[in-house]
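Let's take a friendly walk through a protein model, stopping at a few places where its parts meet. Keep the 3D view open as you read.

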Amino acid sequence: MRHTLAVLVENRPGVLVHVSGLIARRAFNIESISAGHTEEPDMTRITIVVDGDERNIEQVVTQLSKLIDVIKIIDLTEEASIERELALIKVKATPETRSDIVDIVEIFRAKIVDINRETMVIELTGEERKIDALCQVLQDHGIVELVRTGKIALSRNPGAAKNKE
Amino acid sequence: MKMTGAQAVVNSLQKEGVEVIFGYPGGGVLPLYDALYDSPLRHVLTRHEQGAAHAADGYARATGKVGVVIATSGPGATNLITGIATANMDSVPMVCITGQVGLSIIGKDSFQEADITGITTPITKHNYLVKNPKDLPRILREAFHIAQTGRPGPVVIDIPKDVFTATIDYDYPEEIVLRGYKPLYEGKKKEIDEVAKALQKAKKPLLFVGGGVISSEATDLVRTIVDQYKIPLISSFMGLGAIEAKDPCNLGMVGMHGTVAANMAVMDCDLLVGLGVRFDDRVTGLLAKFAPKAQIVHFDIDPAEVNKNVSTQYRVIGHLRWSLQSLLESLEHKIDTKVQADWTLWLQQVQKWHQENPLTFKNSEKVIKPQYVLQELDRQTKSNAIVVTDVGQHQMWTAQYYGFHRPRTLISSGGLGTMGFGLPAAIGVQMACPQENVLLVTGDGSLLMNCQEIATIVEHQLPIKVAIVNNHALGMVRQWQRMFFQQRYSHSTFHNGGTDYVRLAEAFGAKGLRATTPEEVPQVIAKALEIEGPVFIDFQVCSEENVLPMVPAGASLDQMIEGVVD
């Protein structure tokens, strides 16, 4: 089963390498990883999606906890939480197909962020499945290039992960 | 107080109570060596940085204190790697200070530059690259704290040359602020009570003692449990010495080269209580058939050890001094006479196994059997030396035939299995324990891997007695080839055969002795023990001997090979 982990770490150079390296050398499979700083300037939040059974996930969490720079790890899988990814999709767009694509973009509540004679760039934020769905539809027009971020997630709980027991 | 970065390092080492440092100078650490010139710290110059790392490791294993090693940037630092990985696998507290090229030329592939924090990340508990000279006191304070608390381990501090020469306002911090590092010493009482309840229900409990019992100084508490409740116990290689080998409850070492009784007890017990162990594959054999009838209890300070290899039903996270003390208190009210009667029956059963299946070998009057050498060393040192070993057959024979009765008396590379560990580690041990008899048991293969350190031993006139179990081969490799590779002895014998270990020792200025027949063995050992300085004894042993019993890799513990027919 896939688990979404929020890993709070000290904002130090190399910390992302430590975290990802540990997961890799312990032979756990990372589905996605994304990092950025937080409401506290000296704290970075890494969201990791890992696939594995309960024992595997327990090991990922306990092994990661051993890193001195890891402050806290929260498993968001069981919690009600908001999950988002961002995608930028460059799709072929001729004058004939453009309005078709605009329709699709509107249905998905995506955004057109760039346009030229041959292509358009579409931006979409949403859950993984929604982005997958848009990509599938756009494939009919020909996707030239595609970039997606890893998942980020935030609990709907009123408290902050850093204060969780 | 104003001082240079290098002086700040020396000052901090003194504040941490460091007495001996092992190391090797070079361009990147010259400012630090300049500062050491004026300090009272004792520095031991080894002949290779790997030797310095193992020496610091040996010092730490023998004392429980932090071992300190210094090396220069680039090749100096990379030469420490095997030593750091060895310490990491066996949870040895160490602080490694490496020089780095100047801040402005980091990342330019400068002369003698290597990314040491990058290289050591997977084999250290933590590491630092010091970029700001004023961080030095804090980082040294943190490094020593991290190395010796919780589950001990090595910490690397990489210091650029210009950080050593910068001037700072020195103030050694009292307080340590590490948000992400709070080892749990006192765990949950509930976990203890559950273990006590499980013990109460168990008819065939078995204690499994590991290296954690020794490093957490909890041997007296295990001793009390064994004395009070007469529960049989087995030991990992790293746990040897925690409880007296001759204790009637002690079945000896478990696993690949463990005793028949210890392995049978694992197969038959109904509650296996692991204390500071990590269920290494050399212990468990085939995981699916490990302790098949038992529920497993795991005591450890490192939560990541629980369920890493073996699935456990009960866990107790915390310092063993806290958890074993709590267990004793909890057991006091729970264990009744009926339970004790069951345990007595069980103890009788395993003791019978132990008596019926002792460790044996066929001695000879013509050729020296390596096991005989170990028995004789044990007899003449009255099982009371601190024994350092290298890695291979001699290491397992030492585990089997030397009687370890005190903690910290077997110093050996367990987890990583590092050949070349023994000689330099013995230096650290003898430095730490000048009054003790230090005995190094090594093989011809292992000795050659770091034989340059004989020079260090001679320079300091360390009275180490070195027993070379010389079978002219890489014995353990040869044994595996014999058993599992149809006797195709691919590159496992030293065909030159001409290395003369007596003359090797003498070339460095040590005393060399030789035994070629069984009757010379006791005399040569007696003579070596009489001589004051370092003595190397070349025991020309029979090269056909195998370490037995043996559980083949990946087999279950009841599939023991007890004899080999070619």
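## Two helices side by side

Which residues in α3(B) meet residues in α5(B)? From α3(B) come B:Gln50, B:Ala53, B:His54, B:Asp57 and B:Arg61, and they meet B:Thr82, B:Gly83, B:Thr86 and B:Ala87 of α5(B). In the contact of α3(B) with α5(B), two residues are nonpolar, five are polar and two are charged. Please keep in mind that this is a predicted model.

Two packed helices are described by the angle between their axes and the distance between the axes. Here, helix α3 of chain B spans residues 49–63 and helix α5 of chain B spans residues 81–89; they pack at an angle of about 25°, and their axes are 7 Å apart. Because angles under 35 degrees count as roughly parallel, α3(B) is roughly parallel to α5(B).

## Aromatic rings that pair up

Next, look for ring-shaped side chains. Over all chains, the structure holds nine aromatic pairs. A pair of aromatic rings is described by the distance of the centres and the angle of the planes. For B:Tyr170 and B:Tyr172, the ring centres are 6.3 Å apart and the planes are at 20°, so this pair is stacked. Both B:Tyr170 and B:Tyr172 are buried.

B:Phe361 and B:Tyr401 give an edge-to-face pair, with 5.5 Å from centre to centre and 90° between the planes. Why does this pair tie together parts that are 40 residues apart in sequence? B:Phe361 sits in the loop between α15 (337–356) and α16 (370–380) of chain B, while B:Tyr401 belongs to helix α17 (residues 393–401) of chain B, so the pair links those parts. B:Phe361 and B:Tyr401 are both buried. Elsewhere, ring pairs join B:Phe208, B:Phe279 and B:Phe290 into a cluster.

## Domains listed in UniProt

Now for some names from a record. In an unreviewed entry, UniProt lists "domain: ACT" for residues 4–78 of chain A. That span of chain A is 31% helix and 41% strand, and its end C-alpha atoms lie 9 Å apart.

For chain B, an unreviewed UniProt entry places "domain: Thiamine pyrophosphate enzyme N-terminal TPP-binding" at residues 3–117. Residues 3–117 of chain B are 43% helix and 19% strand, with end C-alpha atoms 26 Å apart. The UniProt annotation "domain: Thiamine pyrophosphate enzyme central", also from an unreviewed entry, covers residues 192–327 of chain B. Residues 192–327 of chain B are 35% helix and 20% strand, and the end C-alpha atoms are 6 Å apart.

Note on methods
Residues are numbered from 1 along each chain as its sequence is written. Chains are lettered from A and ligands numbered from 1 in the order in which they are written. This is a predicted model: local features need pLDDT of at least 70, side-chain atom pairs count only at pLDDT 80 or more; totals for chains, interfaces and linings use all residues. Side-chain values use heavy atoms; hydrogens and water are left out. Axes are lines fitted to C-alpha atoms, for helices over the stretch in contact, and angles run from 0 to 180 degrees between N-to-C directions. Helices (H or I, at least four residues) and strands (E, at least two) are DSSP runs, numbered from the N terminus. Angles under 35 degrees count as roughly parallel, over 145 as roughly antiparallel, 65 to 115 as roughly perpendicular and the rest as oblique. Contact means heavy atoms within 4.5 Å. Ala, Val, Leu, Ile, Met, Phe, Trp, Tyr, Cys and Pro count as nonpolar, Asp, Glu, Lys and Arg as charged, and the others, Gly among them, as polar. UniProt positions are given in the numbering used here, feature names are shortened, and annotations may be inferred rather than shown by experiment. Rings of Phe, Tyr and Trp (its six-membered ring) pair if their centres lie within 6.5 Å; planes under 30 degrees apart count as stacked, over 60 as edge-to-face and the rest as tilted. Buried means under 20% relative accessible area, exposed over 50%, partly exposed in between (1.4 Å probe, protein chains only).
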